[in-house]
Amino acid sequence: MLTCVPSNAQDTRMSERAATEAVRRIVQYSGLTPDLTVREDPSVRTANAYIKGHVRVIAFNPAFITTVLDSSKTNWAAISILAHEVAHHLLGHTLDPSTLRPGDELACDHYSGFILFSMGASLPESLAAIEVAGNPHGTWSHPPKHARSAAIEQGWREAERLRAGVVAAPIALNDDFRFVVRFVGDRSTYYVDRSGALVWFNTQAEPIAFGTFTETPKADGVYQLNWEDQSFFVDRNNAIWRRGEHGLQTIVGRMEAYARP
Ligand SMILES: [Zn+2]
């Protein structure tokens, strides 16, 4: 068992000190020098990563962590949430905050699974937080639970293969796509496949379906993209629109017909 987390299974509160120590260990497993500041912050809904001034911060709501630890019955749940936030810093996402980057969320989940394997967690332990909290950030930009679990498992299995010295067989990329989808401010590229799934690929070219594509008979757009409770309309010029909280619509991306390279 790690010494950086509460050792008593009944102790489901994570102090700022314990969280700081956990983050130090996580960053250490990346072979880097930690310079992240960890803050207990009840005003944060769950946990997040941001830069203030020149300080890289990971903030967490202690009540949220307690709820997750209570339900999951494993301290690894807190570690995986923190690892996800560490990844936002290490992958540079906090340099350019944007609201709609589902691929970045999946990349952080992948990292979380990878690091948790390296730290000694089993696959169920690595998935414990996402299992009980579903969407730990609770924001509209996060992919659904099944996609996030898939990303964590892919990261965990990648680390397992590395440990065993197994070279993964190259994945035959199925490139029979209908559309390419890009969101403003998001470096990831997404694809709509023939079955109507909205798909993202990790760095090993493993796919994760996290949404659906449908053709709309009428109404706001020609097509519709959905994940979780989010829906986006695609107009005849292939612009992707999101309906705002007050009914205002904004363009958040573009969808184009896929052409094989
Ligand atoms: Zn995130």
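Tutor: Let us begin with a definition: two strands pair if DSSP finds at least two bridges between them. Please note also that this is a predicted model.

Student: What makes strand E7 and strand E8 a pair?

Tutor: Strand E7 (residues 207-215) and strand E8 (residues 223-227) share 4 bridges. The definition asks for at least two, so E7 and E8 pair. Their sense is antiparallel, and within this pairing Thr212 has Asn226 in E8 as its bridge partner.

Student: Which strands make up the closed barrel?

Tutor: The barrel has 8 strands, in the order E4-E5-E6-E7-E8-E9-E10-E11, and their pairing is antiparallel. On average, neighbouring strands there are turned by 30° against each other, direction ignored.

Student: Why are E1 and E2 called edge strands?

Tutor: The open sheet has 3 strands, ordered E1-E3-E2, with mixed pairing. Strand E1 (36-40) and strand E2 (47-52) each pair on one side only, which makes them the edge strands.

Student: How do you know that E1 and E3 pair?

Tutor: E1 is joined to strand E3 (residues 55-60) by 5 bridges. Since at least two are required, E1 and E3 therefore count as paired. These two strands run parallel, and Arg39 stands opposite Ala59 in E3.

Student: What makes one say that helix H3 touches E1, E2 and E3?

Tutor: Contact means heavy atoms within 4.5 Å. Helix H3 (residues 76-90) packs on the sheet and touches E1, E2 and E3, so it meets that cut-off with each of these strands. The direction of H3 makes about 30° with that of E2.

How values were computed. Residues numbered from 1 in each chain as written. Predicted model: local features only at pLDDT ≥ 70, side-chain atom pairs only at ≥ 80, totals over all residues. Heavy atoms only, no water. Axes fitted to C-alpha atoms, helices over the stretch in contact; angles between N-to-C directions.
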